[in-house]
There are 2 protein chains.
Amino acid sequence: MIEIERKFLVKDDSFKKEAFAKNHIAQGYLCSLAERSVRIRIKGDKGFITVKGISDDAGMSRFEWEKEIPVAEAESLLHLCEKGMIDKMRFEVKSGPHVFEVDEFYGDNEGLIVAEIELHSETEPFEKPQWLGEEVTGDTRYYNASLNITPFKKW
Amino acid sequence: MIEIERKFLVKDDSFKKEAFAKNHIAQGYLCSLAERSVRIRIKGDKGFITVKGISDDAGMSRFEWEKEIPVAEAESLLHLCEKGMIDKMRFEVKSGPHVFEVDEFYGDNEGLIVAEIELHSETEPFEKPQWLGEEVTGDTRYYNASLNITPFKKW
């Protein structure tokens, strides 16, 4: 239930032709504090409720709990959420034994593309594709819960 | 997913000998606004996550969504919750075709006993047991989410 993730900006959209999966994601927040968030997500034809906790100092490790729920229930719960909604396309791209999840944002976060990789330890090495840009792990501005309140276009 | 409930104070503890079930409940809140709360509950040997929405004007109808989750997961999620915890014993008491859930609170809410009945409509009649006191439906001070922040002993 502790997830170790590193997050990067993306230089260009060449990742798209390497993607093996592509899903639309709509998500809102029942609460969106950096130390405690409850997210409702519809990804393709599936619904999820996800609780995230506070991160460690480096921002790599974070408590995460997730349950799949019926899409109709996720839709009802989205109506309850705080104002604002995250709208993005998620591309999944293989990189050696790992998978990068690359999110292209729309709406008020148009122009932002972020790639995340999940690791087994904070020091686990991984291959960096040529499209991978600056690391932004631990920068809470890039938390989706933060982007919902202060979207990229307003930075 | 809309629940219709009426809430009452309780005059004395004579309800206890009429109870057909009794379970300890510990619960905390990931968020505890009157218009949107996310509750983690351990009731006996079961865990639950519950989302409640805003109520109508009379305070009888409220959106409610609940999923049972493993107790170990509920315990992890309780650690993430806002400061404070609701600690109470729930007694279930039959009254005609209905069931009253009677909660006796402990800790900072010691001295408070509240009975709730779930109805199919806002005008559905029900039998009032002799121990049933003043109606407090719609009084947000009695929301458990509110009691967690401003407990009964501080009123």
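Mentor: Helices and strands here are runs assigned by DSSP, a helix needing at least four residues and a strand at least two. Keep in mind that this is a predicted model.

Trainee: How do I read the strand pairing? Which strands does E1(A) join in the antiparallel sense, and over how many bridges?

Mentor: Two strands count as paired if DSSP finds at least two bridges between them. Strand E1 of chain A, residues 2-10, is antiparallel to strand E5 (residues 61-69) with three bridges. With strand E8, residues 113-119, E1(A) forms six bridges, again antiparallel. Two bridges link E1(A) to strand E9 (residues 132-135), also in the antiparallel sense.

Trainee: Which residue of E5(A) is the bridge partner of A:Ile4, and which residue stands opposite A:Ile4 in E8(A)?

Mentor: In E5(A) the partner is A:Ser61, and in E8(A) A:Leu119 stands opposite A:Ile4. For E9(A), look at A:Phe8, which faces A:Glu135.

Trainee: What joins E4(A) to E5(A)?

Mentor: Strand E4 of chain A, residues 46-55, runs antiparallel to E5(A), and seven bridges join them.

Trainee: Now the two chains. What rotation superposes chain A on chain B?

Mentor: A rotation of 180 degrees does, with 0.0 Å of shift along the axis and an RMSD of 0.0 Å. That is the relation of a two-fold axis. The same surface serves both copies, as 100% of the contact residues of chain A recur in chain B.

Trainee: Which residue of chain A comes closest to the rotation axis?

Mentor: A:Cys31 does, with its C-alpha at 3.2 Å from the axis.

Trainee: How many residues does each chain bring to the contact, and which elements of chain A supply them?

Mentor: Residues are in contact if their C-beta atoms, placed from the backbone, lie within 7 Å. Chain A gives 15 residues and chain B gives 15 residues. On the chain A side, strands E2 (19-33), E3 (36-43), E4 and E5 and helix H1 (71-80) each supply at least two residues. By class, that side has 10 nonpolar, two polar and three charged residues.

Conventions: Residues numbered from 1 in each chain as written. Chains lettered and ligands numbered in written order. Predicted model: local features only at pLDDT ≥ 70, side-chain atom pairs only at ≥ 80, totals over all residues. Contact = placed C-beta atoms within 7 Å. Nonpolar A, V, L, I, M, F, W, Y, C, P; charged D, E, K, R; others polar. Least-squares fit on C-alpha atoms with pLDDT ≥ 70 in both.
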